[in-house]
Amino acid sequence: MCGIVGFVGREEAAPILLEGLRQMEYRGYDSAGIAVRSPEKGLQVKKSKGRLQALADLTHNGTDVSGCLGIGHTRWATHGEPNDINAHPHVSENGAIALVHNGIIENYLEIKEQLARQGVSFASDTDTEVVAQLLEFHYNECGSMLEAVGRVLRRIEGSYAFGIICSDYPNALIAARKDSPLILGYGENGNFIASDVTAIIKHTRDVAYMNDGEIAVLTENSIDVFDSEMTPLEKEHSFIEWDVTAAEKCGYPHFMFKEILEQPEAVRKTISPRIRDGRIVLDDISLTAEYAENISHIYMIACGSAFYAGSVAKYVWEQLLRRPVEVVLASEFRYSDPLVDENTLVIAISQSGETLDTMAALREAKRLGGRTLAVCNVVGSSIAREADDVLYTWAGPEIAVATSKGYSTQLAALDLIGLYLADLLGSVSREEYDEILTELQVLPEKMQQYLEHYEETQYYASLYFNHDSIFFIGRNLDFAMGLEGSLKLKEISYIHSEAYASGELKHGTISLIEPGTLVVALGTHGPLFDKAMSNVVEVKARGATVLAVTTEGFREKMEKTADAVIAVPETHRLLQPSLGIVPLQLFAYYVALQRGCDIDKPRNLAKSVTVE
Ligand code: AGP
């Protein structure tokens with residue numbers, strides 16, 4: 001979704017802003033713009049609909065726009081269509097104030113009407129322009145920009161991250177945040193703001209995360225941060241561990257392909273540091289055996305693929321903990337008056353740590369007194385900081401909109417936590433604990449093993465890419481894994497796809513199977529393999545073409561019935577989805593490739609969904 005970058009320092013701002021926006025392209029956007037101030041030219045604003053390249057062309061790669069203070073933005077339209085006028089930055093009527101905004105101002109219409117009655121005219125349809133005009137209004141009233149920002153923040157409702165510059169303040173950049181991420185970057189040649197660390201990582205790894213209600217004033221030599229009462233605050237600095245290449249394609253055709261191949265390493269990084277002397281050690285989280293004993297109910301809340309990772313984990317945890325686990329879509333949880341009390345453990349799963357629905361669901365769980373634990377990939381993200389505990393997945397930056405290593409590391413992290421809790425509760429035998437732990441540690445090798453021979457998956461994608469509708473069927477863990485496989489396919493290849501629990505077929509959905517329908521039959525879950533086979537026979541009898549995914553051990557049996565078979569190495573039955581998902585990701589990838597889709601930036605989708 002929208003991206004913000006800002007710079008004040010001793011270098012030309014425009015190239016820094018354009019490069020920062022380029023690094024955030026993966027988030028999804030439909031227009032882009034920059035505003036730069038120079039002593040000679042004053043405030044210069046350039047905006048363009050479409051790809052960032054259009055803005056780069058318009059400004060001759062930034063050379064037409066001079067000055068060492070500036071803000072930039074990539075917009076993902078919410079209020080008003082994507083066009084040059086609605087693109088950010090928005091400028092106040094007298095042209096002195098420019099502002100970029102992520103988030104949504106909920107009471108903008110009311111403020112707009114009030115300002116219009118006072119004679120202010122508006123150029124765009126956006127909620128953001130209203131803030132720029134309101135800022136000018138208060139600035140004219142009080143004569144201090146900082147005071148005017150404070151007044152505006154008290155008046156507006158909704159979510160925001162702002163970057164603001166003003167002609168009267170040639171050396172200052174003002175930033176503010178509520179419910180939308182904003183990072184402060186401390187550089188050698190100046191200071192930065194960014195909504196995403198990728199935008200500034202080339203310049204600095206020394207950052208601080210703004211909290212809700214904070215306002216920051218940046219100059220080339222300093223960053224001063226205030227709370228909503230304008231009391232100065234000391235910010236804790238964080239160091240970004242990963243380097244620039246982690247967020248670059250490095251010769252791979254797509255980020256998604258690179259990230260699929262990075263899975264063994266990402267899973268290893270998530271698991272290995274947390275296993276010592278044959279035991280799971282979760283220093284990061286503070287769950288005690290006493291607390292675990294009192295857990296009466298466990299919720300997993302998440303969206304999209306993270307929800308599907310939770311769907312796999314539900315089966316795993318219920319097996320291991322023998323306690324009820326409910327996986328609820330975060331967007332439903334927040335409005336469902338959920339049954340949460342102090343004995344409820346709520347696991348919020350989010351790669352980005354910024355998904356608004358998951359954030360809101362987490363807050364609701366906390367408000368009701370539940371204990372919250374976040375499984376997040378982005379250090380310092382909002383969900384990670386608000387949860388009582390956080391366990392990071394060490395996947396590194398994930399750039400492709402369709403998650404792969406984000407999902408795999410979520411599975412690994414949830415397996416770890418589940419096994420850890422089962423050990424605290426004594427609900428797993430020592431033998432099984434050891435067996436699962438051993439298999440967890442060799443998962444990366446087994447993933448790698450499959451990844452070295454994935455050509456058959458590529459081949460089957462070339463056979464089946466022109467189907468209009470593809471069904472995934474499976475039972476138990478295979479069903480949960482199929483949900484993610486189906487989502488991968490639809491989000492990047494735009495093929496209609498559904499995942500069904502195989503046992504449900506005869507309760508209605510089998511009517512959709514007709515000669516030639518492609519069914520991806522998942523039979524990796526050993527205990528239910530025979531049932532999976534029966535379902536293959538069932539759909540074959542109705543004329544379906546069956547592509548089966550199973551384990552090496554079952555390959556031969558499956559080949560007798562299915563039209564095509566992909567096999568992955570075997571592991572503990574509870575961990576099998578971590579291997580089974582890899583061919584499904586690659587199948588989706590190659591199908592999308594055959595269909596000429598924009599794999600890393602699928603239509604209508606954004607990497608992190610920070611609006612409701
Ligand atoms: C996955 O491929 C999707 N792009 C999407 O479903 C994603 O998993 C979902 O939006 C949740 O994101 P999060 O993990 O960052 O919270």
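I began with terms: helices are DSSP runs of H or I with at least four residues, numbered from the N terminus. I also kept in mind that this is a predicted model.

**Entry 1: the shell around the ligand**

I asked which helices each supply at least two residues of the shell around the ligand. I found helix 9 (304-321) and helix 16 (477-493).

Next I looked up how many residues surround the ligand. There are 15 of them, and the closest are Ser350, Gln351, Ser352, Thr355 and Glu491.

I then sorted the shell by class. I noted five nonpolar, eight polar and two charged residues.

Domain 2 (254-451) and domain 3 (455-594) each give at least three residues to the shell.

**Entry 2: polar contacts and cover**

For Thr355, an N or O atom of the side chain is 2.4 Å from a ligand oxygen. For Glu491, I read 2.4 Å between a side-chain N or O atom and an oxygen of the ligand. For Lys488, a polar side-chain atom lies 3.0 Å from a ligand oxygen.

How much of the ligand's accessible area does the protein cover? I noted 90% of the 410 Å² that the ligand has on its own.

I also looked up the pocket. The ligand takes up the space of the second largest pocket.

**Entry 3: the backbone**

I moved on to backbone angles. Most peptide bonds are trans, and most residues other than glycine have a negative phi. I wanted the exceptions.

Where is Pro89 found? I located Pro89 in the loop between strand 4 (69-75) and strand 5 (90-91). The peptide bond that joins His88 and Pro89 is cis, with omega about 0°.

Asn61 is not a glycine, yet I read a positive phi of about 55° for it. I placed Asn61 in the loop between helix 2 (52-58) and strand 4.

Cys250 is another residue other than glycine with a positive phi, here near 50°. I found Cys250 in the loop between strand 15 (238-239) and helix 6 (255-261).

Note on methods
Residues are numbered from 1 along each chain as its sequence is written. This is a predicted model: local features need pLDDT of at least 70, side-chain atom pairs count only at pLDDT 80 or more; totals for chains, interfaces and linings use all residues. Side-chain values use heavy atoms; hydrogens and water are left out. A residue is near a molecule or strand if one of its heavy atoms lies within 4 Å of it. A polar contact is a pair of N or O atoms within 3.5 Å; within protein, one must be able to donate a hydrogen and the other to accept it, and residues adjacent in sequence count only if both atoms are side-chain atoms. Accessible areas come from the Shrake-Rupley method with a 1.4 Å probe; for residues, only the protein chains shown count as cover. On a 1 Å grid over the protein atoms alone, a cavity is a set of points where a 1.4 Å probe fits but cannot get out, and a pocket is an open set with protein on both sides within 12 Å along at least five of seven lines; lining residues have an atom within 4 Å of a point. A molecule sits in a cavity or pocket if more than half of its atoms lie within 2 Å of its grid points. Ala, Val, Leu, Ile, Met, Phe, Trp, Tyr, Cys and Pro count as nonpolar, Asp, Glu, Lys and Arg as charged, and the others, Gly among them, as polar. Domain bounds come from an automatic or database domain assignment.
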